[in-house]
Amino acid sequence: MTTGRPDGGSARDRGRVRVHVRVRDWLERHALGLIALLTAVVLGVMLYLPVGVVFAEAVFVDGRLSLAHFREVLTDPFYVGVLSQVFTDPLAIGSHLAALGGWILAGFPSFPLGLFGFTAYQAALSTVASLALGLPAAYVLANYEFRGRRTIRSLTILPFVLPGIMVAVGFYAMFGQAGTLNAILGVVGLGPYPFIERNPLAIVIVAHAFYNAPLVARITVAAWESVDVRALETARSLGASPRRAFVDVVVPQLLPAVTTGALLTFIFTFMTFPIVLALGGLQLATVEVWVYARIQRLAFAEAATLAILETIVSLALTYAYLRYESAQAGMSRAAAPPPRERLFPDLRTALEPWRLAIVGYGVLTLVVFVGPMVSMVIGGFTDGGGFTLRHYEFLIRRQTEGASYQTLPWPAIRNSLLFGVATLFVAMPMGVVISVVTTRSGREGGHHSGRWATIIDTLAMVPLAVSGIVFGIGLLRGLVFGIPLIGGWRLQITGVVAIVAAHAVAAYPFVTRNVSPLLADLDPALVESARSLGASRYRALLDVELPLVASGIVAGAAFTFAISIGEFSSTVILASGGETYTMPVAVERYLGRRNGPAIAMGTVLLAITGLSFVVVDRVGGRFERD
Amino acid sequence: MTDLTLEGVSKVYGETTALRGIDLAVEDGEFFTLVGPSGCGKTTTLRTIAGFEEPTAGSVRFDDREMTGVPPEDRDVGVVFQNYALFPHMTVAENVGYGLRFRDPPAGTTREERILELLELVDLAGMGERRPSQLSGGQRQRVSLARALAPEPGLLLLDEPMSALDARLRETLRRQVKRIQSELEITTIYVTHDQEEALAISDRVAVVRAGTVEQVGTPKEIYRRPATRFVAEFIGDNNVFEGEVRTRSSDELRVRVSGREFDIVPADSLAEAGTGLESGDRLAFCVRPEALTPTVETNRLSVTVETSEFLGETVRVHGRWNGTPIVLRLAEPPDADELTVGFAPDGAHVVELESDARGND
């Protein structure tokens, strides 16, 4: 690739070549800036604009700025429980304190939580359950060596990208009246028990643990493996017992990871939607489910107000998380991680109580994690009595004979794959350019640009804090209905473009999160060498940085694809009425009337999502942040 | 080739000032070294020349071309880093050839020929297909040098290139760098914290301290006639005595240090500055360890030995005279706790005058 110029040709040809070269040079020099600009435009139109529309909906009453909607919500016991008294009359501090005292004296009786209170309550319970289920896994994965350890460690990423609607289907197949668990209990003469109907909250919390316990486990394992064994040995040589060394050396290093996992779990379960909608219904409504119900009744202002209040809470939590994460960023990677013990070195030790407890825990994880997925796959092939291909036959028959207004399987699969690929092309440059901008300005020159990097980082991570429903209302009220512009124009984005852009906005933070740490680890002298040798910033990125962070890029691509394929909340809004429905939307549409085909469709979805991660594992991507 | 001028270059990061007005003039083809303790600003100066940092104030010029605002890729410089910064995903040949993707090889050679030529220049012929990870540290640094030189830059910048290598390798590579530099006659800026390396390799040396240049000179000038007490103490071992002028004749000063009087002949560089010296003025002078020997009969002083280090050809002795730390170089380890040594009047060099000290306040 020398920059040699053609020797022959007429003067005019040469002139044209020179212009061509100059245009190419200009593009190359400004490529990075142009991509950054495009990213900003996409984010502005597809993220900040819809969120702004929701916000405007909440604060404008009849065209005038007003907090009336907020006052209504905050003084309604249905939404905020006992706190409504406080919001009704905030200055009557004396009577509030008296009420608090009376409550304590009465021995903490139960009190009305309200919608927000209940949402926080179930999020707290889910966080506890996720920690309880995830921390033992972290302990086993970090301290024992056994066959399949690495595979399980990489699989902990999978639940995170599984579509909620599919997990709900899996939980029905596992814990429902005709589910696998009842079938197993039936063999020993028990049941059937209506697990979901009798205690929907418990099932919802287990489903939340299904999502978040692996997250807690993977963050904690990473921290555990980065404990320097020499620090432990130093503590021992200074006289600490093994238990004492664990408490003094290991625990302080795990605590930040556990806190991070708990915070993220709380944020995610506070914004929960499909799980509660499918497993709990309206009697267990969280804020998000209620917002969805309000939208269906076209009560947009009320929905928007609730959505804004919810977003304020989750944004505050996300900010706390990002602050916390950056405070922990200085922790270095260990030179010598602690050694791992064989889990079952021989038969005798395998029967020790401690190892039996680990085995028991393993069985529990099988029930919670593998059970729903396997049950779903089996459910696609069974029919009360035995093996059947009826559900898949239904899908094929629907495809060949179904009317065009019905939800057909092949368009759903095809759309999902097409949107997934298209999302890759949008989300990858966005995520990479944000990584480059934040890590570069963080590194170059002083305090000011460092603060800029944090601001950009936080702005760019907003999609993590904005729930799918908020985003969905914003898209619907803003871009689908259209926003009038000056001169009679309307800004209206619908259909495929809107869906792909929405998916890209939801997915790119995962590209950034995978690429940034690797990029930050690269020696800055590599890029500087390339530039002093004549490469533009953009060329240095293409030639040097991207090949070296390829594993992070591949992992980011897998996330992007999986998130696009599984995205439900905004797709269901943007695809309504049209022919742009995807697999999760199809699952949801089948779910009401025909569980069999929904399960069969969910299995196809699981297979494609799983496949994208297997492919990535083969080409050497890594999902690790450590 | 290129000559380089820095004028009043300063660099401020938020609260901290890294450079406070650096002035340098490097001639075409010169081997010029920036030496100083860590954090003194020598690397920042180099990075400003390369274009990785923009100066807060001042100007950087290559051959009278103003370089402020010119991105690194348009400066036509070759940079060698301490940690080599080889592209690990490219072969040795691809690394060396990378700069030739953007700049044409010298007239009459193809890209491939140029790569082979450079590999030969750094004694790595036949290694082109290897990966950087398959090379030793010294070999990697030579690849890095070849890569920087391949596009024939006007200026070669080396940022502590030897620091990651062991002592013996460092000396070998140092000679090789010097040989290549004089062969190509390329203007070279070399940054190091190792004063011995600076003296060994350079045409001229700038001693940098706290963001300013303390002294610029040939290695001989820097060593023999340090302009400041800092330079005297930073470059090589030195003994510094603080005292008070008793009497002065046309070329000789009698200085009282800790109750003992010494006769010294100030170096000519100071003769002019010292013309205003009167009895009662305070000054500091230094005597190199090699000038402070038991055989010299003038300016005798009795040193209490504290430690001695056997270095092979010489023995370095640390001791004290009336509280002043003393360092000596002897042929044999001392056999007594007390040693009497002396220095010739012209073996002393005045590094600090009271008027200087007042000027700094």
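Start with chain A and chain B together: the area buried between them is about 2,400 Å² (accessible area lost on being put together, 1.4 Å probe, summed over both), and carbon and sulfur atoms give 57% of that area. On the chain B side, select E73(B), R101(B) and F102(B), which lose the most area to chain A, together 25% of what that side buries. This is a predicted model, where local features need pLDDT of at least 70 and side-chain atom pairs count only at pLDDT 80 or more, while totals for chains, interfaces and linings use all residues. Residues are numbered from 1 along each chain as its sequence is written, and side-chain values use heavy atoms, without hydrogens and water.

Next, show the contacts (heavy atoms within 4.5 Å): 30 residues of chain B touch 28 residues of chain A. Zoom in on R531(A) and E73(B), a salt bridge (Lys or Arg side-chain nitrogen within 4 Å of an Asp or Glu carboxyl oxygen) whose closest N and O atoms are 2.6 Å apart. The count of salt bridges between the two chains is three.

Now move to the rings of chain A. Select Y139(A) and W354(A), an aromatic pair (Phe, Tyr or Trp ring centres within 6.5 Å, with the six-membered ring used for Trp). The pair is edge-to-face (planes over 60 degrees apart), at 5.9 Å centre to centre and 70° between the planes.

Finish at F510(A) and F559(A), which are stacked (planes under 30 degrees apart), 5.5 Å centre to centre with 15° between the planes.

Key. Chains lettered and ligands numbered in written order. Buried area = accessible area lost by both parts, 1.4 Å probe.
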